[in-house]
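Q: Can you walk me through this one? Start with the terms, then the contacts.

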Amino acid sequence: MLSPITYRKPADMADGDARRIAPLDGGLPWRPPGERAKPNKQLFYQVVLGAIRMDEATNALLSVFVDKHQDRPAARGMAAIATVTVDKAGVLVEEGEAAALSSFAWGLPLALKQDLVGLGRWPEAETKLNEDLDRRLRRVNDEGKPLPLDATAIRGAYDWLIGTLGLHPSLVEGPTFAIRVYHYWKAQDPPDAPLMGSFFLEDLAAVRKLVTAGTVPTALRSYLGITKRAERKDVLAGEAVMAASVAPGRFPPGRWPAPGRHPLVLLQQGAVNVAMSDLPGIDLFPVNGPPGTGKTTLLRDMVAALVVRRAEAMCTFEAPEKAFTATGAKPKVGTATVPIHRVDERLRGFEMLVASSNNKAVENVSRELPALKAIADDAGSLRYFKTVADKVGGGVEAWGLIAAVLGNASNRFAFREAAWMDPDHGLRTYLAEVAGSPQWIEEPDPSAPGKVRKRRPLVIDRESPPRNRTEALKRWQEARSAFQAEVAKIRNFLSEIEAARKEVAALPELRSAATRASRAVDAAEAAAAAAKQDHQESVTEASRTKQARDRAQQALDAHQARRPGFLARTFGTRSARDWSASNDQLGSVLERVDREANDAAARSASAQGRHGAAEKARKSADREFQQAVVIRDQAEERVALMRRRCGARAVDAAFFARDREVLHLAAPWLDAAAHRERAQVFELALAVHKAFIDAAAVPVRSNLENLFKALIGRNAWQPKTRPHMPDLWATLFLVVPVISTTFASVTRMLGYLPPETLGWLLVDEAGQAVPQAVVGAMMRTKRSVVVGDPLQIEPVTSLPTELAETICADFGVDPERWNAPKASVQAVADASATFVAEFQQTVGSVQVGFPLLVHRRCADPMFSLSNSVAYSNLMVHATPSRTSAIRDVLGPSRWVDVVGGRTEDKWSEAEGAAVVAMLRRLSDANVAEPDLYIVSPFVIVAQQLRERVMKSGLLQRWTSDSYAWTRDRIGTVHTVQGREADTVILVLGAPLPTQRGARGWAGGYPNILNVAVTRAKENLYVVGSQDTWREAGVFRHLATRLPARALETADPI
């Protein structure tokens, strides 16, 4: 709210075009006869109703609030108070669209009164003030017709604003100009008002409503800390997390065919695998990307993975047209009605929105991806709407329309004109041809003056569209079949390797199980033999006792046959008594041996049962042993096959036993042939996309026609159009998988899209973005990958530190987590990360997201400096050896020790002279166009360096535009974030003993020094007083590693 958009000259409000500025002091430009619009354009004016002087406003804030920032640039320029939009006749456009008020103009008086809680009333105040301003300016004549604005009304509106807002006259200037806006001639809505306040207020208000309603999207819930984060996993602590992240089963089937076809190294591959997975806690996935660690390379493989996923979804349609269903809406485009189609949900969720606060970061990703140099030299068959991509690229040869830079209205217009409207190269022409409308271009015939010839558009000749629907469907089936076969092949391969990987860990147990089964067989056989022996012995005993019983029975029977007669028994004769005694004795013997026989028979039967059970157990143990052996042998065979395929790339104990440098440079699991097949999957996936678009040309063409109509202006926000915008954007993303924007343009470009409309947000240089910047983009996407480094340049803020801290305190906000510059998008995302790493610092440590550690940009000593200062010496050096024409002249990296000389604030004339002397040596040695940056921690030093180098006259041999060279090549360290050069000259400034505070600010944290040294690929020359800087925090590392020599003795080595 208190961070306005400023301008130094009125043309800054018109994209730098002074011709669009209409001064008001010479009369109002719409007074009759008025001005003519440009061809095919509507003319509007946006009257700037006064402005705030930023220098005075900042001084006023600093008189109330303390600022701890040691080198905040002096506030310059003006901030518009309000604007009003009128048509070419000076009449206000429709109500609700005419007036626009700056949040800064409203909030500044409240801040100066220290009523910071009152700033929360802005949404209600904005609506009422805009309505009141509109009523004051809108006038009609006696007949009820609207009257144009006049000078009196403009001045009256300004005076009313100043009084109502409470702005002191010393802070403001009156209305002096209007902006000419040349609007698309078919647009039904007036142009957007120029942005004057924060880019993010509208989206923050929308998220506030979502929080209240409990409907915040998943990734944004994690970012805001609403969702309790999952258990943290330290990627660098032990081997388990790292090994799991690069498991073959997690590899996407497709990959980017990078130059040289080099595979991703260990942690790069792990980051891609985890980001693309469905693991818990990674809807928001932060990646820590220190300088030179291949962040763009990482993003390329993510893009390839998602393109392949969508191609798989496309293949679920037998006929691509079935993926589009008519909505019934048929808006007019020109004189024709063009139906809008709904895009099947199966094709949604793969959209990729690249966003950053840094314009160059956005362009680096989205302009590099389509460039021919971004793919392997031998990927000659990888082409995807190349004709269109070449036109969009503006002179940079492309391989395909994989990405586009959108965002602000200028970029959106340029893309529409090149990619869609261009009759020779555009998609509009191509899709019309495929849809059945033959396309021709009429042009003067160079061989027959005065005559016209017809020819086919270049996009038709070069892209070879299908001749009819039958051929389109045939091509679709062929592309679909080829892709599905290749995907199945690579997925089967990865599944086999994954199964073998799991069996590597299981093999010891499988081997043990086979050994245990073998021992069980031995035990069962011994038990069966013992049972058999016992049974045999029991049978023998049973037979013996049976014979004894038979003999006893026979003896008893024979004895009873000799029984005495009746009288002998009656009178108890001696013989009768003897017989009876023998009979009793024989009966007892029989009873005894009968019992013994029965017992023996029972023991025999029991032994027989035990023998049978033991035999059964023996057979079972043998079967289990055979099964265990088969399972073990099959696993051994699969593991052996995997090892033959993967060799030393197999991620096992031996893999992790390597030296750390070797380990992190390794590409896990897959060989070059497998990676080539994965790149082929990506190529076939794009062939599927093109064939799908061809076969569904009619609905695709209709949806894109409607999208490009709504892409400029306010048409997309209209009630009839807004519900269809998700499907229109989904169609564009089907054709162009990656769209980029700055955070500042998200609301203007996508503000009408509901939450989670898009699939993926890929944030680059997240460490430079203030925490609130990402909210609008994250709200509209399902998943977010946040790439950056909190140890590089922090976000730049304009508010005095005490003001920002007081606002946090008044609203109960934790400044450590949410208040820039210490807080950034990267820092907030890291706080919610599941996969983390930790870098120890001089005091405490920094916890970051999934780490990338292999550095390929800087030679030493730059690499070693960065590694020790910021990354706990955990980085791995992989920079190739290179030559340097600058080093040949100036010698190896060193500290050019400069002492004394005249100073002005932090500027040292002697240091400036040393820099000029170095440039002169390069010039004298005929070094052509030296690739270098000259940077300083301090604004005044950078400004003075530009002037000194310009005055030296040395630049004439290297450039025809010395001013542009100094603006591009000389600046503060902040200006070169994300850039690189052969050489960096770091000019320290602040040489006086009394400037310890400034030096402490620059060296208190590693960020500034880290960025400065890692811009240099080959050489770092530090210019300044070593004695005064050696104790300035992290600069002591610089003093230790760089030899100090005065300039005159610094001869080349």
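A: First, a term: buried means under 20% relative accessible area, exposed over 50%, and partly exposed in between (1.4 Å probe, protein chains only). This is a predicted model, where local features need pLDDT of at least 70, side-chain atom pairs count only at pLDDT 80 or more, and totals for chains, interfaces and linings use all residues. Residues are numbered from 1 along each chain as its sequence is written, and side-chain values use heavy atoms, with hydrogens and water left out.

Q: OK. Is E471 buried or exposed?
A: E471 counts as buried, because its relative accessibility is 17%.

Q: What does E471 form a salt bridge with?
A: R467, with the closest N and O atoms 2.8 Å apart. A salt bridge here is a side-chain nitrogen of Lys or Arg within 4 Å of a carboxyl oxygen of Asp or Glu. R467 is exposed, at 73% relative accessible area.

Q: How many salt bridges does the structure hold?
A: 62. One of them joins R428 to E705, with the closest N and O atoms 2.7 Å apart. R428 lies in helix α13 (residues 427-434) and E705 in helix α21 (residues 697-710), so this pair ties together parts 277 residues apart in sequence. Helices are DSSP runs of H or I, at least four residues, and strands are runs of E, at least two, numbered from the N terminus.

Q: And where do D390 and K386 lie?
A: Both are in helix α11 (residues 386-393), four residues apart, about one turn of the helix. D390 counts as partly exposed because its relative accessibility is 25%.

Q: Switching to sheets. In what order do the seven strands of the open sheet come?
A: β17-β20-β16-β21-β22-β11-β25, with parallel pairing. The edge strands, β17 (403-405) and β25 (850-851), each pair on one side only. Two strands pair if DSSP finds at least two bridges between them.

Q: How many bridges join β16 to β21?
A: Four, between residues 352-356 of β16 and 758-763 of β21. M352 has W760 as its bridge partner in β21.

Q: Last one: what span should helix α31 have?
A: 20 Å, because its 14 residues (939-952) are taken at 1.5 Å a residue. The expected span is 1.5 Å times one less than the number of residues. The end C-alpha atoms are 20 Å apart, which agrees. Among the buried residues of α31 are V939, L945 and V949. G953 follows α31, with a positive phi near 75°.
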